[in-house]
Amino acid sequence: MPGLNIAIDLGTSSVTAFVQGKGIIFSESTAICYDAYDDEIICVGNSAGEMFEKTPESLILKKPIVDGIISDFTSTVKILAYFIDKLCKNSVFRPSVIISAPSGVTSLERKAIVEAACSAGAGKVYVTDEPVISALGAGLTIDNPHGVMVLDLGAGSADIAVITMGTVAYCNSLRAGGDKMDEAIVQYVRKNKDVDIGLATAKKIKHTIGCAQHRSEELEMFCVGKDYITGMPKNFEISSNEIYEAFKDIIEEIFRGIVYVLEQVPPELYSDICSEGILLTGGLARLPGLDKALSEKLTIKVTRVADPEHCAAKGAGYMLKNMKKLEDHGYNFRSKETIE
Ligand SMILES: Nc1ncnc2c1ncn2[C@@H]1O[C@H](COP(=O)(O)OP(=O)(O)O)[C@@H](O)[C@H]1O
Ligand SMILES: [Mg+2]
């Protein structure tokens with residue numbers, strides 16, 4: 001494959017680009033900002049993401065992927081085209097591009113993603129399944145009849161997949177990702193402290209003191225919000241144990257989602273999973289105690305991979321290098337020619 005080859009992970013919260021021979025070159029917010037009067041694009045990526053919940057009436061901010069599903073297709077395509085154009089600008093050859101699309105993407109949307117990438121300057125475009133490339137990014141060999149379970153915990157969804165022979169054999173997608181935890185913190189603070197906070201503050205709390213199990217040493221954080229009764233500023237204190245309470249139901253939902261998939265898996269694949277354990281990928285895998293909490297509930301080893309938020313982009317990068325090998329082992333790439 002001569003020329004520049006690119007892999008793009010199109011996630012709910014971020015778009016990550018991997019360039020063959022260079023590695024990950026950027027990770028930017030999956031956000032776009034338009035002028036409210038003429039729909040002209042004002043900015044794309046991090047500069048748009050920073051405006052979340054802060055835009056004046058003259059601007060419209062879109063985060064077009066919600067809960068792991070494309071809710072605003074036009075904006076998604078514009079974001080993708082913007083980044084591919086940025087990457088291809090100085091390239092002599094039209095690059096091959098592998099795109100990891102959100103799990104809920106329909107075949108019609110796959111086709112439109114391929115077309116958008118081609119018109120933005122890509123040569124050959126392939127759309128892949130995120131669980132497969134996350135498993136590759138975690139360093140697993142998936143081109144053999146050995147079952148692997150990957151739990152990808154992103155901002156919008158928790159995607160559970162059993163992979164064998166390079167293909168997803170069983171899967172389940174839950175609306176139980178990092179965004180739902182941010183919402184749970186907003187609700188908790190409103191109910192228990194009578195304070196309104198925004199999602200960005202909730203996210204900061206999650207990253208600073210969040211946990212999926214009681215921490216060995218309880219942490220506390222001081223924040224400011226808007227008193228929901230008086231409308232005045234109000235300082236409040238929140239602890240890691242309180243965040244654990246706020247997250248309990250979501251963690252239980254993820255646990256039940258995994259059990260649901262395990263129930264469908266035939267015994268031979270099941271024993272592969274039991275011996276290899278379950279791999280946690282995606283940014284939310286960083287939540288302290290999540291691997292341990294799930295491992296204790298399932299009585300199966302659960303391991304957080306290194307650099308979990310970049311697993312999909314790295315796996316797509318691996319695919320770029322090994323396309324022939326993966327095809328020989330039966331992996332079915334979906335390109336412009338094969339998407340009807
Ligand atoms: N240290 C952390 N603790 C808790 N959550 C985290 C941490 N780091 C990242 N996250 C969460 O991971 C999610 C993003 O994961 P990512 O895999 O990048 O998402 P996506 O693929 O959906 O764009 C966000 O909800 C973010 O808040
Ligand atoms: Mg992701």
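1. A polar contact is taken here as a pair of N or O atoms within 3.5 Å, with the further condition that, within protein, one atom must be able to donate a hydrogen and the other to accept it, and that residues adjacent in sequence count only if both atoms are side-chain atoms. An oxygen atom of ligand 1 is placed 3.1 Å from a polar backbone atom of Ser14, and a backbone N or O atom of Ser13 lies 2.8 Å from an oxygen atom of ligand 1. The side chain of Lys206 has an N or O atom 2.6 Å from an oxygen atom of ligand 1. Taken alone, ligand 1 exposes 590 Å², of which the protein buries 87%; accessible areas come from the Shrake-Rupley method with a 1.4 Å probe, and for residues only the protein chains shown count as cover.

2. This is a predicted model, in which local features need pLDDT of at least 70 and side-chain atom pairs count only at pLDDT 80 or more, whereas totals for chains, interfaces and linings use all residues. Residues are numbered from 1 along each chain as its sequence is written, chains are lettered from A and ligands numbered from 1 in the order in which they are written, and side-chain values use heavy atoms, with hydrogens and water left out.

3. Helix H10 (residues 311-321) has eight of its 11 residues buried, so it is largely enclosed by the rest of the structure. Buried means under 20% relative accessible area, exposed over 50%, and partly exposed in between (1.4 Å probe, protein chains only). The buried residues of H10 are Cys311, Ala312, Ala313, Gly315, Ala316, Gly317, Met319 and Leu320, and Cys311 has a relative accessibility of 1%.

4. A search of the whole structure finds zero disulfides, a disulfide being a pair of cysteine sulfur atoms within 2.5 Å.

5. Two backbone angles deserve a check. Most residues other than glycine have a negative phi. Asp194, in the loop between helix H5 (178-193) and strand S14 (195-196), has a positive phi near 55°, and is partly exposed, with a relative accessible area of 29%. Thr299 has a positive phi of about 55° although it is not a glycine; Thr299 is found in the loop between helix H9 (290-298) and strand S18 (302-304) and counts as exposed at 71% relative accessibility.

6. Ala212 is found in the loop between H6 and strand S15 (220-227), and is buried, with a relative accessible area of 3%.

How values were computed:
Helices (H or I, at least four residues) and strands (E, at least two) are DSSP runs, numbered from the N terminus.
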